[in-house]
Amino acid sequence: MHFANGKLTDEVIANAVAAFPDLTQIGLSESNVGDEAMKSLAKLKWLEWMFMHGTNVTDVGLEHLKPLQNLKYVAVSRGGISPEAVKSFREQHPGTKLLLN
């Protein structure tokens, strides 16, 4: 499911998660989602791919994603993500490719 270039709210993401609990991919690039939306996405236990270039996700949002053990690829904007958060995420998800741009 891809919502790229959208004016999304946390409620829209929460509703999408509730409606499609078995999502394996989600695209949120160039949208206004942030850390609160990551709380909802953390419920998608089968999620493998996340595209979040151009979002407002920070260290806090990345932390919310730690329970997702099936992640294979996460692309997120570098701006709000610290090197410490990257290190911590990679330690928790050694098989996940984390792309920062």
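Two strands count as paired if DSSP finds at least two bridges between them. Helices (H or I, at least four residues) and strands (E, at least two) are DSSP runs, numbered from the N terminus. By these criteria, Tyr-73 has Lys-97 as its bridge partner in E4. The model is predicted: local features need pLDDT of at least 70, side-chain atom pairs count only at pLDDT 80 or more, and totals for chains, interfaces and linings use all residues. Residues are numbered from 1 along each chain as its sequence is written, and side-chain values use heavy atoms, with hydrogens and water left out.

The protein contains four helices and four strands. From the N terminus, these elements follow the order α-β-α-β-α-β-α-β. The radius of gyration is 12 Å, close to the 13 Å that the globule rule gives for 101 residues, so the protein is as compact as a globular protein of that length. Here the radius is taken over C-alpha atoms, and the rule is 2.2 Å times the number of residues to the power 0.38. Along the principal axes, the C-alpha atoms fill a box of roughly 30 × 25 × 15 Å.

Of the 101 residues, 46% count as buried. The protein exposes about 5300 Å², and carbon and sulfur atoms supply 53% of this area. Accessible areas come from the Shrake-Rupley method with a 1.4 Å probe; for residues, only the protein chains shown count as cover. Contacts require heavy atoms within 4.5 Å. Among contacts with a separation of 6 or more, residues 24 or more positions apart account for 50%.

The four strands form an open sheet with parallel pairing, in the order E1-E2-E3-E4. Strand E1 (25-27) and strand E4 (97-100) are the edge strands, and each pairs on one side only. Neighbouring strands are turned by 5° against each other on average, direction ignored. Axes are lines fitted to C-alpha atoms, for helices over the stretch in contact, and angles run from 0 to 180 degrees between N-to-C directions.

E1 and E2 pair in the parallel sense over three bridges. Ile-26 has Met-50 as its bridge partner in E2. Strand E2 (residues 49-52) has a covered face with Met-50 and Met-52. Its uncovered face carries Trp-49 and Phe-51.

Strand E3 (residues 73-76) runs parallel to E4, and four bridges join the two. Val-74 is partnered by Leu-98 in E4. In a regular strand the side chains alternate between the two faces of the sheet. Along E4, Leu-98 and Leu-100 point to one face and are buried.

Helix H1 (residues 10-19) has buried residues Ile-13, Ala-16 and Val-17. Seen down the axis of H1, its buried residues fall within an arc of 100°, so they line one face of the helix. The arc is that of the directions from the helix axis to the C-beta atoms. Glu-11 and Ala-18 are exposed on the other side of H1. Helix H2 (35-41) is among the elements that cover the buried residues of H1.

Most residues other than glycine have a negative phi. Glu-30 has a positive phi of about 55° although it is not a glycine. Glu-30 lies in the loop between E1 and H2. At 49% relative accessibility, Glu-30 counts as partly exposed.

Technical notes: Buried < 20%, exposed > 50% of the residue type's maximum accessible area, 1.4 Å probe, protein only.
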